[in-house]
There are 4 protein chains.
Amino acid sequence: MEEFIARGFAATRLDDVAKRAGVAKGTIYLHFKDKEALFEELIRLAIVPLVNRLTAPPPPAAGGTVRDMIEGFARAFIHEVATTRRGDIVRLIVAEGPRFPAVADFYYREVVSRGLAGMRALIELGLARGEIQHKELARFPQILVAPAMIAVIWQSLFARHAPLDANEMFRVHLDLIFGERRTT
Amino acid sequence: MEEFIARGFAATRLDDVAKRAGVAKGTIYLHFKDKEALFEELIRLAIVPLVNRLTAPPPPAAGGTVRDMIEGFARAFIHEVATTRRGDIVRLIVAEGPRFPAVADFYYREVVSRGLAGMRALIELGLARGEIQHKELARFPQILVAPAMIAVIWQSLFARHAPLDANEMFRVHLDLIFGERRTT
Amino acid sequence: MEEFIARGFAATRLDDVAKRAGVAKGTIYLHFKDKEALFEELIRLAIVPLVNRLTAPPPPAAGGTVRDMIEGFARAFIHEVATTRRGDIVRLIVAEGPRFPAVADFYYREVVSRGLAGMRALIELGLARGEIQHKELARFPQILVAPAMIAVIWQSLFARHAPLDANEMFRVHLDLIFGERRTT
Amino acid sequence: MEEFIARGFAATRLDDVAKRAGVAKGTIYLHFKDKEALFEELIRLAIVPLVNRLTAPPPPAAGGTVRDMIEGFARAFIHEVATTRRGDIVRLIVAEGPRFPAVADFYYREVVSRGLAGMRALIELGLARGEIQHKELARFPQILVAPAMIAVIWQSLFARHAPLDANEMFRVHLDLIFGERRTT
DNA sequence: TATGAATGAGCGTTCATTCAT
DNA sequence: TATGAATGAACGCTCATTCAT
């Protein structure tokens with residue numbers, strides 16, 4: 001995966017993949033039909049932790065507010081995805097998705113649609129509890145996660161030009177949605 | 001450009017580029033040092049219209065509200081970038097940027113930093129006029145454009161799974177920032 | 001080697017080398033970094049027999065005269081180098097040496113300097129024994145071998161215009177150095 | 001010519017030849033059928049001065065000895081050929097001759113055979129005058145010029161390993177042929 | 001099951017040659 | 001006669017894939 005992330009599908013050499021995996025080049029073909037199958041399998045494998053992150057501990061009990069749940073989730077996402085190698089996987093999917101429909105499909109099914117469904121549920125909970133005012137937000141949960149996605153891309157491309165405090169940005173974003181906080 | 005968009009840098013064959021351009025393979029080398037130079041030049045060339053889109057019609061006079069200016073701008077961006085081939089250029093830059101620092105640099109300098117500066121100016125105008133309440137938004141103009149970027153990526157990757165009404169999404173996003181509209 | 005001899009470095013096609021070697025083109029690159037490395041290795045390999053020819057049978061015992069030793073050696077050189085494919089290797093080195101300093105260096109170190117040192121030793125032995133009169137010859141052992149070198153080049157270039165009896169020429173040359181023979 | 005000398009026939013680019021000649025690439029084809037024809041013509045042209053050197057002022061009058069004539073000639077040859085770019089032409093002919101029979105033929109006819117004939121004439125004059133003792137030398141005039149040829153090759157290939165005083169070497173060589181000189 | 005040497009199709013790049021101007 | 005942009009065949013090199021061990 002590291003190799004594919006660093007170089008993209010076409011520019012990655014199976015020689016390097018094998019070396020990194022500590023096996024011989026031929027061994028890859030015992031487990032995967034060809035380079036494309038290997039790539040798709042690896043992406044699938046790499047997506048699982050992302051899914052786990054999403055579906056894992058359904059927001060800690062009922063104690064917290066919806067904002068707390070979302071913020072906690074975002075904080076985890078930013079910490080574990082946006083600022084790590086996992087963020088590059090997302091970028092890799094953006095990069096190779098159009099040439100690997102199977103990859104885009106899988107990612108949409110396992111991550112995007114489920115993630116958006118989860119966000120929509122939280123938004124609706126927020127609306128029900130009166131924490132969120134804007135009803136139409138539930139129609140576009142993408143808006144909720146957009147800054148987190150932007151943070152992922154920013155880290156890969158522009159971090160060295162201008163660092164971005166993703167957590168702080170997301171907090172400001174939540175202020176927009178939930179209204180400004182009095183005290184933190 | 002079409003070839004690079006469709007296949008990415010590494011998988012694009014100069015044979016195909018030449019054929020598409022209606023010239024012989026060798027002719028490419030009369031104009032570009034090598035494949036990388038060709039790619040970087042093409043990206044540069046393709047970015048110019050994006051920049052023009054950004055800097056062109058300085059929001060129509062003073063008559064309109066800040067929201068109108070932003071909405072007009074977003075509508076233009078979505079119409080001319082997100083839903084066209086130009087959107088794929090943005091995706092291509094996201095995909096190849098890490099392997100082509102020159103490309104990422106150029107894009108940051110010409111598009112990102114200027115775009116964000118423009119957005120920040122509009123946000124500050126909105127704050128001054130009282131249209132925008134949330135002061136901290138000016139610190140993260142990325143939040144303002146995030147849904148537009150998401151729309152670009154969505155079109156490339158997931159349009160066929162679930163179409164996304166980018167204009168409508170952006171309108172909802174602006175409602176969050178400017179407060180809900182009385183009249184639509 | 002045959003291919004390089006027949007066409008020179010630049011005009012030799014690796015396709016042909018591979019075909020002649022009975023392997024696929026890619027196989028060459030398992031053993032040599034590139035065409036230059038292949039060429040230099042082949043030259044090195046081809047020079048070894050020349051060196052062996054030089055250093056091998058240390059002139060037969062002490063029985064013979066110095067002239068006999070030199071003549072025996074020259075006869076072997078003419079028979080095994082000048083009139084064979086190995087002679088073309090020498091010509092190849094003359095041809096490509098200036099563009100392959102590593103080749104020229106190696107050839108100088110392994111063949112030329114050792115060969116001249118050997119000749120100088122024989123000349124000094126000849127002087128000590130009174131067989132050779134001309135003291136200064138030891139300063140230029142090149143004079144001793146010059147006709148042999150000329151014979152090598154002649155075979156490659158002019159053999160078809162005018163055959164050259166290299167052995168006979170060398171005998172005349174030795175007559176000059178050792179004085180004419182009484183009995184032949 | 002400079003280009004062909006520096007790189008050999010195959011590795012020389014007509015682009016560079018044209019640039020060096022101060023004409024456009026196409027212009028070459030107005031004067032020469034193709035690269036081979038250009039090469040052969042250039043060689044022919046370059047050989048002319050060598051020939052002139054050979055046939056020029058037939059040894060100064062009758063005053064001098066045969067040795068003086070040969071020595072004068074050799075000195076001129078070494079000064080004007082062995083240690084100059086013209087020497088590289090000889091090396092170029094050795095290098096490319098086998099692939100360009102026309103070149104080898106021309107060189108043999110214009111230079112080698114005439115040169116050897118001239119040398120043979122001088123040798124016979126030397127024999128007639130009693131300056132040279134060794135009758136058989138006339139059968140192999142190559143022996144007379146061999147050290148000069150060696151000097152040419154040496155300059156190109158080994159000059160930097162070990163400089164060679166060609167004039168001094170040739171003087172020693174002449175001592176062998178004419179007998180040692182009392183006074184110089 | 002694992003290896004890695006061998007393969008050869010395929011690609012980037014070069015450069016002799018052409019030809020419209 | 002001279003130009004130099006354009007051509008495209010050809011070559012060096014790579015790398016996904018195979019297969020004998």
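How many salt bridges does the rule find across the interface of chain A and chain B? The structure is a predicted model, and in it the rule finds six salt bridges across that interface. One of these joins the side chains of Arg171(A) and Glu136(B), with a distance of 3.0 Å from N to O. Polar contacts can be counted there as well: twelve residue pairs, both members at pLDDT 80 or more, are in polar contact between chain A and chain B.

On the side of chain A that touches chain B, at least two residues each come from α1 (2–11), α6 (85–96), α7 (101–129), α8 (141–158) and α9 (166–178) of chain A. Of the elements on this side, α8(A) gives the most, with eleven residues. Sorted by class, the side of chain A that touches chain B holds 30 nonpolar, seven polar and twelve charged residues.

The extent of the interface may be described next. Here 49 residues of chain A are in contact with 49 residues of chain B. Between chain A and chain B an area of about 4300 Å² is buried, and carbon and sulfur atoms give 73% of it. In chain A, the residues that lose the most area to chain B are Tyr108(A), His134(A) and Leu176(A), which together account for 15% of what that side buries.

At a base, a nitrogen of DNA strand F lies 2.4 Å from an N or O atom in the side chain of Lys25(C). At the phosphates, a polar side-chain atom of Tyr29(C) is 2.7 Å from an oxygen of DNA strand F, while a polar backbone atom of Lys35(A) is 3.0 Å from a phosphate oxygen of DNA strand F. The elements that give two or more residues to the surface near DNA strand F are α3 (25–31) of chain A, α3 (25–31) of chain B, α3 (25–31) of chain C and α3 (25–31) of chain D.

Technical notes: Residues are numbered from 1 along each chain as its sequence is written. Chains are lettered from A and ligands numbered from 1 in the order in which they are written. This is a predicted model: local features need pLDDT of at least 70, side-chain atom pairs count only at pLDDT 80 or more; totals for chains, interfaces and linings use all residues. Side-chain values use heavy atoms; hydrogens and water are left out. A polar contact is a pair of N or O atoms within 3.5 Å; within protein, one must be able to donate a hydrogen and the other to accept it, and residues adjacent in sequence count only if both atoms are side-chain atoms. Helices (H or I, at least four residues) and strands (E, at least two) are DSSP runs, numbered from the N terminus. Contact means heavy atoms within 4.5 Å. Buried area is the accessible area (1.4 Å probe) that two parts lose on being put together, summed over both. A salt bridge is a side-chain nitrogen of Lys or Arg within 4 Å of a carboxyl oxygen of Asp or Glu. Ala, Val, Leu, Ile, Met, Phe, Trp, Tyr, Cys and Pro count as nonpolar, Asp, Glu, Lys and Arg as charged, and the others, Gly among them, as polar.
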